[in-house]
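Me: I've got a chain to go through with you. Can we start with the overall makeup and then get to the packing?

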Amino acid sequence: MTALTLCNINKKYDKATIIENLSLAIASGEFIVLVGPSGCGKSTLLRIIAGLETPDGGSLKMGEEDVTHLAAGRRSLSMVFQSYALYPHMTVRENLAFGLKNMNTPGEEIDKRIAQAATMLKLEAMLDRLPQNLSGGQRQRVAIGRSIVQQPELFLFDEPLSNLDASLRVEMRQELQELHHQLRSTMVYVTHDQVEAMTLADRIVVLYKGKIEQVGTPLELYNRPANLFVAAFIGTPKINVLPARWHQNGLLLGDNHFIPLHTRPAGLGDGDNLFMAVRPEHLQPDEQGDITLNVTTKLCELQGDSTLVWCKLGEQDLCLKSFQQLNYSPRSEMTISVNEAHLHFFDGLGKRIPA
Ligand SMILES: Nc1ncnc2c1ncn2[C@@H]1O[C@H](COP(=O)(O)OP(=O)(O)OP(=O)(O)O)[C@@H](O)[C@H]1O
């Protein structure tokens with residue numbers, strides 16, 4: 001286990017800045033998940049930590065040791081890729097043993113570590129098979145096993161589950177959780193999958209254009225997004241965002257729809273522009289909430305366990321998610337509601353306004 005400290009990391013490709021003055025302290029044993037839109041620099045950051053890319057500025061420490069200029073092979077870490085990268089002509093056992101043999105680990109020790117990893121990852125029955133005779137999930141387990149036998153202080157994962165089908169992903173996600181629980185190693189994990197991020201992470205790092213937008217526990221990000229970008233990035237379907245203006249004791253939404261509020265968001269004065277945001281699952285298809293809104297339905301999407309009701313408040317599109325099975329015909333008038341505690345407010349620059 002090791003702590004990891006990134007301090008003012010910069011990385012450019014040609015003239016384009018990919019990572020900009022990025023600082024992050026990762027505690028020993030922590031499971032950190034990096035998320036962000038395609039091209040925001042997640043893999044680049046992981047490769048910098050691995051030593052596969054050199055930063056143009058800044059420093060990287062593992063524990064107390066400055067590893068900024070240490071060769072990849074000399075860092076006590078192991079990386080698992082999306083593509084598994086197994087040797088096709090070697091059996092599972094040989095794949096697991098390969099790195100250890102290169103480090104001149106004694107044979108007995110290799111056998112012991114392979115046996116432990118095989119038990120942990122349920123690979124015992126497959127040790128003498130070639131990768132071509134394994135399923136995608138089993139291959140991914142071998143790739144993870146190859147990391148485990150190295151007993152690294154730090155695990156790096158670059159979208160390790162993205163080649164697997166949906167049910168296998170769920171299974172592997174749970175196995176990774178269990179693995180972290182057993183090993184208590186520091187793990188840094190890149191994914192596009194929100195559920196993986198929310199369920200695996202101790203803390204999530206949201207990146208955008210090479211900068212950190214917010215670092216926090218999954219629930220901090222969901223409950224108190226620091227800005228509109230994070231609010232819109234975390235949660236499916238996306239949070240509803242409505243332009244608004246403070247007026248006396250409430251908000252004027254886009255088309256002058258007034259909603260009274262009990263609490264004035266900090267620092268707001270009459271006429272100030274802001275954004276009000278509300279998650280689809282916090283809109284209720286009834287009048288029970290503190291604030292009611294008269295909307296016109298556009299479309300109902302029945303999903304079995306839930307229904308998405310797409311509707312319009314004036315010119316503004318809204319999505320409501322209900323865990324009931326609902327069916328409204330298009331262009332029906334209905335009243336929906338929300339509790340004031342579920343509203344988020346952001347200033348004109350998209351920064352959260354504390355309640
Ligand atoms: N070797 C390279 N040379 C030049 N540009 C690169 C190189 N590697 C990555 N980039 C660019 O750096 C940016 C960040 O890439 P990176 O792979 O880190 O993004 P990402 O967030 O992991 O994206 P994705 O989610 O699509 O995998 C992209 O614009 C990419 O085109």
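Reply: The secondary structure of the chain comes to eight helices and 19 strands, taken as DSSP runs numbered from the N terminus (helices H or I, at least four residues; strands E, at least two). This is a predicted model: local features need pLDDT of at least 70, side-chain atom pairs count only at pLDDT 80 or more, and totals for chains, interfaces and linings use all residues. Residues are numbered from 1 along each chain as its sequence is written.

Me: What box do the C-alpha atoms fill?

Reply: Roughly 75 × 45 × 35 Å, taken along the principal axes.

Me: And how is the chain divided into domains?

Reply: Into domain 1 (4–232) and domain 2 (238–346), with bounds from an automatic or database domain assignment. The contact between them takes five residues from domain 1 and seven residues from domain 2, where contact is C-beta atoms, placed from the backbone, within 7 Å. The C-alpha centres of the two domains lie 39 Å apart.

Me: OK, the core. How many residues has the largest nonpolar one?

Reply: The largest nonpolar core has 87 residues. Such a core is a set of buried Ala, Val, Leu, Ile, Met, Phe, Trp, Tyr and Cys residues joined through C-beta atoms within 7 Å; buried is 20 or more other C-beta atoms within 10 Å of the residue's own, exposed is 12 or fewer, and partly exposed is in between, with C-beta atoms placed from the backbone. Those with the most contacts inside this core include I32, V33 and L34.

Me: Which strand gives the most to this core?

Reply: Strand β3 (residues 31–35), with five residues. The core also draws at least three residues from each of domain 1 and domain 2.

Me: What does I32 touch?

Reply: Leaving out residues up to four places away in sequence, its partners include I26, V188, Y189 and V205.

Me: Switching to helices. At what angle do α2 and α4 pack?

Reply: Helix α2 (residues 92–102) and helix α4 (residues 136–148) pack at about 30°, with their axes 8 Å apart. Axes are lines fitted to C-alpha atoms, for helices over the stretch in contact, and angles run from 0 to 180 degrees between N-to-C directions. That makes α2 roughly parallel to α4 (under 35 degrees; over 145 is roughly antiparallel, 65 to 115 roughly perpendicular, the rest oblique).

Me: Which residues make that contact?

Reply: V92, N95, L96 and G99 of α2, and V142, G145 and R146 of α4.

Me: And α2 with α3, at what angle do they cross?

Reply: Roughly 135°, with the axes coming within 10 Å, so α2 and α3 are oblique to each other.

Conventions: Two residues are in contact if their C-beta atoms, placed from the backbone, lie within 7 Å.
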